[in-house]
Amino acid sequence: MSTLDDLQRYLDNPLPADVAERSLLSGSMGESPSKYSRSPAMWNAAFREIGLDAVHMPFDVRPENLAGFVDAARAYPGFMGSNVTVPHKLAIMPLLDEIDPIAREIGAVNTFMQTADGRLVGFNTDADGLIASMLRTLPGESEPFLPTLSGKRVLLLGAGGAGRASAFALAKQVSDGSLLLTNRSLERAEELAKQAAVATGAKVTATAQELALDVVWSMDVIVNASTVGQSGMRRLGNGEATSLEAFSSLAPAAPAVVPEGDGGASFWREWFAASFKAIAENNARSAAAIAMCKPDAAFVDAVYSPDETVLLRQARLSGRKTLNGKGMLVMQAAFSFVNRMTRRHLQAAGHDPDALYDRVVEVMAAGF
Ligand code: NAP
């Protein structure tokens, strides 16, 4: 059995002492979720709503502490499981006892849960979250973003963790439509296209970013699952930093890399002076492609910070429908709450987890 002190040994953020007073513990594990993650607010709002004596904490875990933390968490009384985010989505896999077939296919785990007999099982709920956010009615909306993906021509940008989950999920939905993948590193998109085509039988192909721009006009749905457009400074770990916020994911993005300094205004001045030509070219190429799109083309971004990426802003200003990544985040969390991490604990407390789904979605969306 481990204690809160045993967990704390592997964390960079402090866990408040009253965490030990809760019967159940879950969390979100990454390099620094305590600084940005919306998950604790969403999950804790759901625990309060349902009346479960549980808490969800950010776990800031450095790569060298990952194995130690997983061991300590496994032995912590009432540990339910954890979300997993950058940079641990792959590294966590050999530390778990079992990987769900969908997560194995995607090649990344974004959630693991502890079973009643103490086994740790890894899942990937990003795929369910993306599809649910597009096809189910989100809180505050009167109808789903799209009635169906069947028969649609879909362009997916990005072949990292979220891109891989999205590719398999979208390929399963398009039926006699098609899925075209593109990514900065073309080989990753080509490899993924082959895997998704074999796994689903759908028409999935890959093309270079430059060529994708030429066929955007023929697409029904454009989905960004790359980090391009995400807010803030991106530290590269060598004293240098960059930013992708000013770029549209639809066109090649080549931001300058400059010394991170104190991360304040002087970084941004130097970075912007070195990047503005690349920003202008990227934005112009993206806008030109969007202007040629079908009038009813729909744009979806997995990125949820900022609320509106450059891609979505251009699409909205051109009169196209847009959806940001908040719905995906909420839907994957609600799916994990009801079907995975919390399910057996809800049942033990006398709840029917399936009957709670809509309420959990509402509360998590409000807590976002
Ligand atoms: P990741 O595994 O690190 O992948 C990053 C992706 O972005 C890769 O496809 C990478 O291309 C691409 N990329 C990075 N810099 C680029 C540049 N300058 N130009 C073009 N492409 C570039 O990250 P991830 O986990 O997939 O996450 C991607 C985004 O999705 C993040 O913003 C994340 O917050 C968001 N996300 C949202 C949800 C949600 O629930 N809403 C869930 C998961 C992820 P290369 O392959 O060439 O490196």
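Start at the ligand: 24 residues surround it, with A162, N183, S185, R188 and Q230 the closest (a residue counts as near if one of its heavy atoms lies within 4 Å). This is a predicted model, where local features need pLDDT of at least 70, side-chain atom pairs count only at pLDDT 80 or more, and totals for chains, interfaces and linings use all residues. Residues are numbered from 1 along each chain as its sequence is written, and side-chain values use heavy atoms, with hydrogens and water left out.

An N or O atom in the side chain of Q230 sits 2.3 Å from a ligand oxygen. The backbone takes part too: a polar backbone atom of G161 is 2.9 Å from an oxygen of the ligand, and one of A159 is 3.1 Å from a ligand oxygen. On its own the ligand exposes 930 Å², and the protein buries 84% of that (Shrake-Rupley areas, 1.4 Å probe).

Which elements give two or more residues to the shell around the ligand? They're helix 7 (161–173) and helix 12 (326–339), where helices are DSSP runs of H or I with at least four residues and strands are E runs of at least two.

Stepping back, the chain has 14 helices and 15 strands. Its radius of gyration is 21 Å, close to the 21 Å that the globule rule gives for 368 residues, so the chain is as compact as a globular protein of that length (taken over C-alpha atoms; the rule is 2.2 Å times the number of residues to the power 0.38).

Notes: Polar contact = N/O pair within 3.5 Å; in protein donor to acceptor, adjacent residues only side chain to side chain.
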